[in-house]
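Reader: I'd like to work through a model with you, one feature at a time. Could you show me how to read it?

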Amino acid sequence: MSEEFDIIVVGGGPAGVISAYTAAKKSDYRVLLIDAKEMELIGKKTCGDALVQYAPLFLKEKLGLTPPLESEINDTVRCLVFQTPDNDTFQINGDGFIIDRHKYGQRLINEAQKAGVEIRPRHKVLRALTHNNFVIGIEVKDLNTGKKMQIYSKITIDCSGRNHVVRRTLPNDQFPLLEKTLQQGDMAASYREIIRLKEGEHEYLHMIKVIYELEIPLPGYLWIFTKGSKMLNVGIGCPINQHNGSKAKDLKKIFRKAFKKWYTPNQYEIIHAAGYTIPIRYPLLNAVANGFLTAGDAACHVNPFTVEGHAPALIAGYYAGYQAAKALEGSEKSPSMELLWEYNINIMNYFGKQHCRLQLYTSELCRLGHRKINSFLKLFSEKEASNGELKKNQYHELPSMFVQFSKHHAISSDMIRLTKNLLFIEKYLSNYPKTPKDFPIWRMRLEPLLKKYSPSNFKQN
Ligand SMILES: Cc1cc2nc3c(=O)[nH]c(=O)nc-3n(C[C@H](O)[C@H](O)[C@H](O)COP(=O)(O)OP(=O)(O)OC[C@H]3O[C@@H](n4cnc5c(N)ncnc54)[C@H](O)[C@@H]3O)c2cc1C
């Protein structure tokens with residue numbers, strides 16, 4: 001048995017649901033969204049639940065989608081506070097939410113359905129189907145009946161999160177411009193608990209706190225996120241690479257040890273506990289192929305410094321759905337990668353460039369190690385950077401502030417090298433190729449530099 005759609009979206013997380021919604025809203029095409037979860041569980045995910053405000057505002061402006069409703073918000077966030085092992089703190093102001101991902105995700109999937117998207121829950125995508133260097137659909141297993149089937153489409157959008165099931169099952173020889181797999185070293189492992197205090201209220205209302213601890217390999221941290229006055233979302237994460245592979249396995253133990261400095265286990269009850277993994281590498285430099293796009297975690301769209309991936313997934317979802325609908329206009333055929341290329345340019349302009357720069361910055365943080373993290377962050381503190389710029393800027397501006405700072409202060413030769421590389425990346429990424437033809441040569445110069453600074457090579461001091 002086989003079926004045919006114009007667009008198939010794999011995954012009903014933030015990237016998938018917004019891709020499907022955007023494509024359906026902007027066109028009359030038949031759009032199918034597939035997820036392995038039951039309909040009622042779509043949107044639910046082990047997460048820190050922080051969502052920066054700019055992404056829902058972006059969706060409101062572009063699509064008229066209402067930002068998280070009061071009933072979907074556990075707390076509003078006004079600042080992010082970093083704490084170093086020496087107990088110094090650095091604050092960045094910024095608006096956001098701690099949301100109930102399940103409720104917000106359910107509203108979005110229902111909106112997508114109302115916009116005309118066909119939703120197929122409890123269907124697991126097994127692999128990509130390809131023909132003549134085009135992605136032509138997917139093979140799926142119906143988890144209710146156990147039956148396998150093939151579903152064809154003109155465009156397939158992979159939003160399957162860390163699984164990247166469509167991309168990683170593409171045959172190598174047919175898609176030379178697309179990276180197929182993620183290295184294990186480019187992933188972070190995490191463990192988190194939702195806890196309720198037995199007595200009193202916590203002091204983290206309207207704040208999210210990131211705490212660097214000696215026992216958590218950098219750039220990993222312990223997070224304490226508010227979830228109303230008595231509840232907290234707390235957890236730790238760290239990269240899984242050759243330098244700390246064994247530590248990543250012991251996350252729960254490390255978490256217990258680190259968190260008891262704030263609360264001891266007898267002070268709270270655990271409502272939910274789980275672990276998960278997340279890609280923390282720079283974004284795919286190319287995220288399209290003939291008849292194919294990918295967005296969200298599946299395309300490494302997570303911020304490598306803070307590990308926030310929800311907002312980039314929503315933004316990338318919009319651009320993927322928009323591009324898919326645009327590329328199909330006036331054509332009966334599956335679009336070539338040339339017609340989808342604009343998606344790469346949009347992603348690079350919106351957050352891709354910043355994420356690449358933050359990757360370098362994060363790598364430097366690891367190289368310096370916990371003992372020097374204070375001086376690194378202090379570079380931008382109110383006293384030293386003048387006018388409290390860090391307080392006014394989002395953290396994605398950290399690399400630019402670093403470059404500004406280095407122009408006026410004596411810094412080490414390693415930091416001079418980092419400054420040069422940050423400036424190079426900024427300039428290089430501003431010249432992202434206009435067509436796929438120019439991509440292989442463009443990539444050749446940038447990729448080795450980014451790989452050198454990628455999480456698999458993060459070294460701890
Ligand atoms: C512990 C933890 C804490 C985090 N904290 C934060 C935070 O505080 N703020 C933040 O912004 N980000 C955070 N993130 C990152 C954030 O959760 C992700 O970046 C975001 O969910 C990515 O959205 P997505 O749509 O790309 O993927 P996902 O949300 O992972 O959705 C993927 C979907 O694809 C479906 N799927 C997967 N494989 C298949 C298959 N074979 N067939 C069918 N369906 C499939 C899944 O069921 C799922 O519904 C955190 C991540 C973790 C692990």
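Predicted model: local features only at pLDDT ≥ 70, side-chain atom pairs only at ≥ 80, totals over all residues.

Reader: Fine. Into which domains is the chain divided?

Author: Domain 1 takes in 2-49 + 100-181 + 283-340, domain 2 is 185-279, and domain 3 is 353-457.

Reader: How many residues of domain 1 are in contact with domain 3?

Author: For domain 1 the count is 10 residues, and they meet 13 residues of domain 3. On the domain 1 side, six of these residues are nonpolar, three polar and one charged.

Reader: Now the ligand. Which residues come nearest to it?

Author: The shell holds 40 residues, and G13, G48, G161, G296 and G309 come nearest to the ligand. Elements giving two or more residues to this shell are α1 (14-25), β3 (50-52), β7 (123-131), β10 (187-197), β14 (268-279) and α7 (310-328).

Reader: And how do the shell residues divide by class?

Author: There are 18 nonpolar, 14 polar and eight charged residues around the ligand. Domain 1 and domain 2 each supply at least three residues to the shell.

Reader: Let's take a strand. Why is β13 described as largely enclosed by the rest of the structure?

Author: For burial, count the neighbours: a residue is buried if 20 or more other C-beta atoms lie within 10 Å of its own. In β13 (residues 231-239), nine of the nine residues are buried, so the strand is largely enclosed by the rest of the structure. Look at both faces: M231, N233, G235, G237 and P239 point one way, L232, V234, I236 and C238 the other, and all are buried.

Reader: Which strands does β13 pair with?

Author: β10 runs antiparallel to β13, with nine bridges joining them, and β12 (residues 221-226) is also antiparallel to β13, with six bridges. G237 makes a handy landmark: S190 is its bridge partner, and Y221 stands opposite G237 too.

Reader: What does A324 touch?

Author: Leaving out residues up to four places away in sequence, A324 touches I7, A23, I155, I157 and L293.

How values were computed: Residues numbered from 1 in each chain as written. Near = placed C-beta within 6 Å. Helix = DSSP H or I, 4+ residues; strand = E, 2+ residues; numbered from the N terminus. Nonpolar A, V, L, I, M, F, W, Y, C, P; charged D, E, K, R; others polar. Domains from an automatic or database assignment. Buried ≥ 20, exposed ≤ 12 C-beta atoms within 10 Å, placed from the backbone. Pairing = 2+ DSSP bridges. Contact = placed C-beta atoms within 7 Å.
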